[in-house]
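Biologist: Please show me the chain and its model. I would like to go through the structure one question at a time.

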Amino acid sequence: MIRRLKLFLMLLACAIIIDSVASNLARVVKVLDGDTYVLRKGNKDFTVRLNNVDAPESKQHYGFQSGLHTSQTILGKVVRYDSAGTDVYKRVLADVWVDNKRLDSLLIRNGWAWQYVQYSNDLVLKNCMQLAMDEKIGLWKCGTMAVCPPSLWRSYSKKDRIRFCDRCK
């Protein structure tokens, strides 16, 4: 009797663990830009903002390429996510894994996003960004002074965006 109870409790614990992992899986149905996606879980769609990164805005230099690279990496795939709440726009803030790899590090390492240093002090991401900058890949193609982070780009007037953010021709 005790053996059966132990076996039952172990199976129950395994089922709970599997269910908790499976509950954080969803399919990517749309990529809005390099750091914002629409996920579908069951028949419910919700918008996710990737933690730790700031990708170029769609209208910003390299914005299209960042979104395209991200689409090629995750669109249509089932991803794992860990929610960290919501932002002021009601998007789910989340860490995302695709093919068992951190999406934030993939984007930063390939030069399609900045580490969002105001919200992240992750040393892995810092190293990924430094490697991408050193190798001049993605948005770092023309060097560190040729582009500006989206947080600055959003605050600039159109004239200043052209002056300070679009130096890579």
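Modeller: One term comes up at once: a residue is buried when its relative accessible area is under 20%, exposed when that area is over 50%, and partly exposed in between. The model is predicted.

Biologist: Are cysteine 148 and cysteine 165 buried or exposed?

Modeller: These two cysteines are joined in a disulfide, with an S to S distance of 1.9 Å. A disulfide is a covalent bond between the sulfur atoms of two cysteines. As for accessibility, cysteine 148 and cysteine 165 are both buried.

Biologist: How far apart in space are leucine 152 and cysteine 165, C-alpha to C-alpha?

Modeller: Leucine 152 is in helix H5. Leucine 152 and cysteine 165 are 13 residues apart in sequence, and their C-alpha atoms are separated in space by 8.8 Å.

Biologist: Is cysteine 128 buried or exposed?

Modeller: The relative accessible area of cysteine 128 is 12%. The cut-off for buried is under 20%. Therefore cysteine 128 is buried.

Biologist: What share of the chain counts as buried?

Modeller: The chain has six helices and eight strands. From the N terminus on, the elements run α-β-β-β-β-α-β-β-β-α-β-α-α-α. Of the 169 residues, the share that counts as buried is 40%.

Biologist: Which residues touch the most other members of the largest nonpolar core?

Modeller: In soluble globular proteins, nonpolar side chains tend to be buried together. The largest nonpolar core here has 33 residues, and the members that touch the most others are Tyr37, Leu39, Val96 and Leu103. Among the elements that each supply at least two residues of this core are strand S1 (25–33), strand S2 (36–41), helix H3 (103–109) and helix H4 (123–135).

Biologist: Leaving aside neighbours within four places in sequence, which residues is tyrosine 37 in contact with?

Modeller: Tyrosine 37 is one of the core residues that touch the most other members. With those sequence neighbours left aside, its contacts are Val28, Lys30, Val31, Leu32, Phe46, Thr47, Val48, Leu50, Thr70, Ile74, Leu103 and Leu107.

Biologist: How far apart in space are alanine 26 and lysine 44, C-alpha to C-alpha?

Modeller: Alanine 26 lies in strand S1, and its relative accessible area of 3% makes it buried. Not counting residues up to four places away in sequence, alanine 26 touches residues including Leu39, Phe46, Val79 and Tyr81. Alanine 26 and lysine 44 are 18 residues apart in sequence, and the C-alpha to C-alpha distance is 9.8 Å.

Biologist: Which residues are the closest to the centre of the largest pocket?

Modeller: The largest pocket has a volume of about 360 Å³. Of the 17 residues that line this pocket, the closest to its centre are Arg49, Asp87, Arg91, Tyr116 and Tyr119.

Biologist: How many charged residues does the lining of the largest pocket have?

Modeller: The elements that give two or more residues to this lining are S3 and strand S4 (53–54). By class, the lining has six nonpolar and three polar residues, and its charged residues number eight.

Methods. Residues are numbered from 1 along each chain as its sequence is written. This is a predicted model: local features need pLDDT of at least 70, side-chain atom pairs count only at pLDDT 80 or more; totals for chains, interfaces and linings use all residues. Side-chain values use heavy atoms; hydrogens and water are left out. A nonpolar core is a set of buried Ala, Val, Leu, Ile, Met, Phe, Trp, Tyr and Cys residues joined through side-chain atoms within 4.5 Å. Buried means under 20% relative accessible area, exposed over 50%, partly exposed in between (1.4 Å probe, protein chains only). Helices (H or I, at least four residues) and strands (E, at least two) are DSSP runs, numbered from the N terminus. Contact means heavy atoms within 4.5 Å. On a 1 Å grid over the protein atoms alone, a cavity is a set of points where a 1.4 Å probe fits but cannot get out, and a pocket is an open set with protein on both sides within 12 Å along at least five of seven lines; lining residues have an atom within 4 Å of a point. Grid points are joined across faces, edges and corners, and a volume is the space filled by probe spheres set on the points. Ala, Val, Leu, Ile, Met, Phe, Trp, Tyr, Cys and Pro count as nonpolar, Asp, Glu, Lys and Arg as charged, and the others, Gly among them, as polar. A disulfide is a pair of cysteine sulfur atoms within 2.5 Å.
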